[in-house]
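Keep the viewer open as you read.

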Amino acid sequence: MNGGGQASGQARCMHAGRRLVRTDRPAGVTDATMHAGTLLARVVFAMTRLLVLVMALLLAARSTAAAGGCPGCHRGAPPGSAAVIAVERWQGSVHAGARVTCDRCHGGHPEATTREGAHAGMVSPSDPASPVHSTHVPETCGRCHDPQYQEFIRSRHYRVLQGAAPGEAPTCVTCHGAMHTEVLTPETVAAACARCHNTRDGVSPRIPQEAHATLDLIFYAKTTLEWSRDAVVHARALGREVGEAEQAMVTAEAAFHAAEAKWHSFRFDEILATVERAYAGAKAAKRAVDDAVIRGALEGR
Ligand code: HEC
Ligand code: HEC
Ligand code: HEC
Ligand code: HEC
Ligand code: HEC
């Protein structure tokens, strides 16, 4: 309090010209004590602010660590830079939802708080040693998507990717994107293939049309499977005997997943044969469930 008084004395001299003017000052309170009180209040206020700031920083550090340090810091990179665009694309993607964080594809140290620490051992995506360089993308994605990877490495695309002109072949990210993952549909697939397969470049120009027709069948099989699945759920709710239909569904769904992966071999005859099995399985499941429902109705249950 003494120190405060002294300091306030000095402050009072320094601030003599613009002293506080308060009309509600209690009796007996001099300018000096008033000033000391204000100073103390200011010190307390400043310390409280500092404490709040420190706590906010600690909390921010903790939530950044929880989200993985990479997106946390990248959000604050200069607007419009590649570092920010990357995190904006990743946010809201299937991968972000599934907690597939930046480091799962890029490497680095997500627990580090500095850029140097986080980037240690990581090379630029354009460096052939990077796990996200086009020549390594299939292996990197394949760590989590093995069925697609196994089919892709059988394709002509993969052989071109391993050859002298790797830039001429599509990799996983040519069709799916890197940070923001999307899946081509029968409506969009032909244009994606036609980037390289067209009459101008002469690389198998029939492919876009074949791809469209094949993907149409994959989607048709998918819809048929969904109908069958709904029918099984409905019949089960009615108390019907759906064991046989469920068995058929298991087989059909396995065939469908095989067809989805098989697509990545880009061998249309093999893909079509697998889709046909999935479609036949879905129809068998629907027949089994229809039979169960009709039998149940005839038996008056
Ligand atoms: C599913 C894998 C995957 C994830 C997850 C991922 N990336 Fe990428 N990233 C890639 C690939 C592959 C490339 C190479 C881009 C290309 O070939 O188009 C890349 C490229 C980049 C680039 C360079 C872009 C440019 O234009 O030069 C930056 C920066 C980047 N990623 C940052 C991030 C950050 C930050 C995150 C997390 C918020 C992240 N990435 C998450 C796969 C991924
Ligand atoms: C403390 C901030 C910070 C952290 C943490 C951080 N980054 Fe970065 N990162 C940046 C900035 C800023 C840039 C752009 C400048 C540069 O290239 O260094 C960048 C650039 C990149 C690039 C592009 C490099 C290139 O050569 O094109 C990639 C890829 C990347 N970061 C991935 C990551 C990954 C993966 C993590 C987590 C393991 C991570 N970053 C953590 C700040 C950070
Ligand atoms: C660390 C594991 C991991 C890595 C690496 C990874 N993914 Fe994924 N991916 C997932 C998970 C988990 C999901 C969401 C769950 C699911 O449906 O399989 C997913 C979903 C997807 C989907 C479906 C998206 C949708 O909209 O339905 C595609 C396509 C995909 N990933 C492509 C890629 C590509 C391309 C790469 C490489 C650049 C990659 N993934 C790398 C784990 C990974
Ligand atoms: C980035 C360019 C590029 C894209 C995009 C692309 N391809 Fe290719 N594709 C190639 C190259 C290069 C070859 C090898 C051609 C050769 O062997 O002369 C090839 C070969 C093929 C082959 C084998 C052809 C044969 O006659 O043996 C099939 C099938 C194929 N692609 C399907 C597709 C489908 C389907 C799509 C779209 C979903 C697609 N490609 C998108 C570049 C591309
Ligand atoms: C030339 C284009 C093309 C390339 C290259 C490609 N894909 Fe695909 N991918 C597709 C199409 C079209 C579909 C949708 C049809 C299907 O599900 O089979 C698909 C589907 C997928 C799915 C399932 C998505 C879902 O709906 O659940 C995953 C996962 C996937 N691809 C991963 C990969 C991986 C990993 C690679 C690289 C090894 C890759 N893809 C390369 C075109 C491509």
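This is a predicted model, so a word on confidence comes first: the mean pLDDT of the chain is 83, with 78% of residues at 70 or more. Two stretches stay under 50. One is residues 1-34, for which the model has 21 contacts beyond four places in sequence. The other is residues 58-67, with five such contacts.

As for the fold, you'll be looking at helices: the chain has 15 of them and zero strands. Of its 301 residues, 22% count as buried. Among contacts with a separation of 6 or more, 57% are between residues 24 or more positions apart.

Now find the largest nonpolar core, which has 28 residues. Helix 12, helix 13, helix 14 (243-262) and helix 15 each give two or more residues to this core, and helix 15 supplies the largest share, nine residues. The residues with the most contacts inside the core are A221, A245, A252, A259, A278, A285 and V289.

Zoom in on V289, which sits in helix 15 (residues 268-298). Is V289 buried or exposed? There are 27 other C-beta atoms within 10 Å, and the cut-off for buried is 20 or more, so V289 is buried. Setting aside neighbours within four places in sequence, V289 is in contact with S228, A231, V232, A235, V242 and A245. Take A245 from that list: V289 and A245 are 44 residues apart along the chain, yet their C-alpha atoms are separated by 5.4 Å.

A252, another residue of this core, is worth a click too. Not counting residues up to four places away in sequence, A252 touches L225, A278, G281, A282 and A285. Apart from this core lies another, of eight residues, among them C70, C102, V132 and C172.

That brings us to the ligands. Start with ligand 3, which is surrounded by 18 residues, the closest being A98, R104, C141, C144 and C172. Helix 5 (94-97), helix 6 (102-106), helix 8 and helix 11 each give two or more residues to the shell around ligand 3. By class, that shell has eleven nonpolar, five polar and two charged residues. Domain 2 (68-121) and domain 3 (136-175) each provide at least three residues of the shell around ligand 3.

Next comes ligand 5, with 20 residues around it; C141, C172, C175, E260 and W263 come nearest. Here the elements giving two or more residues are helix 8 (137-142), helix 9 (146-152), helix 11 and helix 13. Which element gives the largest share of the shell around ligand 5? Helix 11 does, with four residues. The shell around ligand 5 splits into 13 nonpolar, six polar and one charged, and draws at least three residues from each of domain 3 (136-175) and domain 4 (207-298).

Finally, there's ligand 4. Of the 19 residues around ligand 4, P170, C193, C196, A211 and F266 come nearest. Helix 10 (156-161), helix 11 (172-176), helix 12 (186-194) and helix 13 (207-237) each give two or more residues to its shell. Twelve residues of the shell around ligand 4 are nonpolar, four polar and three charged. Why does ligand 4 lie between two domains? Because domain 3 (136-175) and domain 4 (207-298) both give residues to the shell around ligand 4.

Technical notes:
Residues are numbered from 1 along each chain as its sequence is written. Chains are lettered from A and ligands numbered from 1 in the order in which they are written. This is a predicted model: local features need pLDDT of at least 70, side-chain atom pairs count only at pLDDT 80 or more; totals for chains, interfaces and linings use all residues. A residue is near a molecule or strand if its C-beta atom, placed from the backbone, lies within 6 Å of it. Ala, Val, Leu, Ile, Met, Phe, Trp, Tyr, Cys and Pro count as nonpolar, Asp, Glu, Lys and Arg as charged, and the others, Gly among them, as polar. Domain bounds come from an automatic or database domain assignment. A residue is buried if 20 or more other C-beta atoms lie within 10 Å of its own, exposed if 12 or fewer, and partly exposed in between; C-beta atoms are placed from the backbone. Two residues are in contact if their C-beta atoms, placed from the backbone, lie within 7 Å. pLDDT is the predictor's confidence in each residue, from 0 to 100. A nonpolar core is a set of buried Ala, Val, Leu, Ile, Met, Phe, Trp, Tyr and Cys residues joined through C-beta atoms within 7 Å.
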